[in-house]
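Me: Could you take a close look at one part of this model for me, the site that carries the UniProt annotations? Give me a bit of the overall setting before you zoom in.

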Amino acid sequence: MDLNAITKFSALHAKPDGLILQYGTAGFRTKANCLDHVMYRMGLLAVLRSKQTKSTIGVMVTASHNPEEDNGVKLIDPLGEMLAPSWEEHATCLANAEEQNVHAVLAEICHREAVNQQQKAMIIIGRDTRPSSEKLSQSVIDGVTALGGQYHDYGLVTTPQLHYLVCCQNTNGQYGKATVEGYYQKLSKAFVDLTKQTFSNGNESRALKIDCASGIGALKLKEMEHYLPRELSLHLFNDGSKGKLNHLCGADFVKSHQKLPLGIEVKPNERCCSFDGDADRIVYYYNDAAGHFHLIDGDKIATLISSFLKELLLEVGENLKIGVVQTAYANGSSTQYLEEIMKVPVHCTKTGVKHLHHKAQEFDIGVYFEANGHGTVLFSKTAETKIRQLAKEEMDEKKRKAAMMLENVIDLINQTVGDAISDMLLVEAILVLKGLSVQQWDGIYTDLPNRQLKVMVADRQVIDTTDAERRAVRPVGLQEAIDDLVKKYRSSRAFVRPSGTEDVVRVYAEADSQENADKLATEVSLAVFQLAGGVGERPKLVF
């Protein structure tokens with residue numbers, strides 16, 4: 001380890017006094033002007049992780065759905081998955097170390113993780129379209145260089161594309177060709193193969209309006225469009241030519257405000273979707289003939305995909321186990337539909353993609369989506385091998401065709417991470433194959449009215465939860481108060497959980513009407529305020 005090089009570069013990327021950051025599911029995120037030292041140090045850490053795993057490691061510079069003035073960074077592990085939890089701790093420790101302690105922290109990580117410093121290191125880097133991202137990427141490169149690592153800068157890519165590229169690099173091309181063009185070719189070929197029968201039957205052109213959140217998704221969709229069949233007509237809005245990233249647009253805005261994004265005009269019953277700033281989330285929506293807005297979020301995307309896969313599995317006749325993974329935020333109607341109508345087992349995990357991804361790996365086919373639109377499908381190695389074998393060798397034509405369609409889904413979905421482009425193409429394929437309009441898809445089940453609120457508290461750590469965050473065990477008396485409030489309303493439930501990043505408690509409530517959901521959410525918020533050390537203004541009904 002070259003102490004002089006580390007010290008020299010470190011001086012160029014000084015840590016601001018008093019700044020403490022935590023590496024979470026989304027990596028580090030804060031104001032862009034506070035991140036220079038973090039980026040440099042994550043370059044250092046990526047080299048150590050690469051040496052330890054003898055693999056290519058990814059570093060993505062993005063703050064996803066956050067405002068344009070924010071930025072962030074996350075490391076991508078060898079198979080395109082999120083950074084291992086023990087290394088999240090190393091990331092937090094290294095980011096917060098004082099200047100004179102950086103070398104000692106690196107030495108401690110090497111010791112604890114048995115890093116062979118003679119091992120070569122390869123890092124691939126990507127960034128979103130924020131004004132700060134190019135400079136911060138250079139800070140990552142400085143960190144990689146200081147520890148003698150090699151790097152390849154892919155420049156502007158979506159977050160899911162970098163996850164894909166890391167996986168391709170470390171599987172020697174088995175997952176796909178490790179180029180952005182390879183990504184376009186793999187997904188588009190799978191989409192064409194999955195839909196060719198339907199489109200070749202003279203199916204009319206299918207138009208889709210896409211709000212790209214003024215982010216990287218627009219740039220990449222424009223590059224990909226000529227790979228896709230002309231029957232799929234994509235109309236891009238908020239394409240980055242004007243407007244601020246994620247400002248009054250994008251998947252997070254549409255989901256949380258339950259209304260159309262700025263910059264898009266929608267006729268009645270037109271199918272629309274929104275990406276977020278780094279294109280790893282997607283939600284669909286439309287306005288009905290009366291002008292009412294209808295959101296089709298991650299729950300309904302998971303329901304559409306898992307229902308389609310279940311039907312194909314029944315045709316193939318193989319005993320492959322499919323499961324859907326949700327969080328407590330999933331609408332109760334979606335859980336009921338999947339379990340009671342589709343007979344698909346549903347499992348609930350703590351909030352955070354890493355928890356859903358890990359649980360989904362327990363099934364032959366695991367479908368997971370957060371309500372915010374981040375999700376994907378995982379196929380076990382056993383399931384994938386069996387499906388590809390049946391697609392090639394099955395003598396029964398109907399079974400072979402179903403197996404071939406499953407094989408197309410394997411190639412179309414980005415199994416490394418939630419991917420707005422990949423998810424969009426799979427949804428579009430399923431809708432055309434099943435002949436479903438956006439209204440028919442929306443009508444599969446009716447969401448229970450719900451409300452999300454947050455309560456400011458002096459210390460969020462006074463809240464402790466169990467049962468995948470659905471029940472509070474601390475402070476004493478809070479869960480009993482919630483249970484009593486829930487009994488007042490029909491078809492109702494409510495839960496509270498502490499924020500992962502700020503001193504607020506998040507409150508979720510469902511009930512038989514919007515009025516009752518609003519009342520229940522407010523009453524639960526008041527119980528939190530009273531029993532969990534609320535600060536500021538007392539919650540009151542304002543809807």
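Reply:
**The annotated site and its setting**

The chain has 18 helices and 19 strands; these are DSSP runs numbered from the N terminus, helices being H or I with at least four residues and strands E with at least two. Bear in mind that this is a predicted model, where local features need pLDDT of at least 70, side-chain atom pairs count only at pLDDT 80 or more, and totals for chains, interfaces and linings use all residues. Residues are numbered from 1 along each chain as its sequence is written, and side-chain values use heavy atoms, with hydrogens and water left out.

First, the setting. The C-alpha trace spans about 65 × 60 × 45 Å along its principal axes. Of the 543 residues, 58% count as buried, meaning under 20% relative accessible area, with exposed over 50% and partly exposed in between (1.4 Å probe, protein chains only).

Now the site itself. UniProt, in an unreviewed entry, puts the feature "active site" at Ser64. The "binding site" annotation, also from an unreviewed entry, covers Ser64, Asp276, Asp278 and Asp280. These residues are spread over 217 residues of sequence, yet they cluster in space, with a largest C-alpha distance of 7.9 Å. A caution on both labels: UniProt positions are given in the numbering used here, feature names are shortened, and annotations may be inferred rather than shown by experiment.

Start with Ser64, which sits in the loop between strand E2 (56-61) and strand E3 (70-76). Ser64 counts as buried because its relative accessibility is 2%. Leaving out neighbours within four places in sequence, Ser64 is in contact with Arg29, Asp128, Arg130, Asn246, Asp276, Gly277, Asp278 and Asp280. So you can see Asp276, Asp278 and Asp280 turning up both in that contact list and in the "binding site" annotation, while Ser64 counts as buried at 2%.

Asp278 belongs to another loop, the one between strand E8 (272-275) and strand E9 (282-287). With 0% relative accessibility, Asp278 counts as buried too. Setting aside residues up to four places away in sequence, Asp278 touches Thr62, Ser64, Thr158, Thr159, Pro160 and Ile216.

Terms used: Contact means heavy atoms within 4.5 Å.
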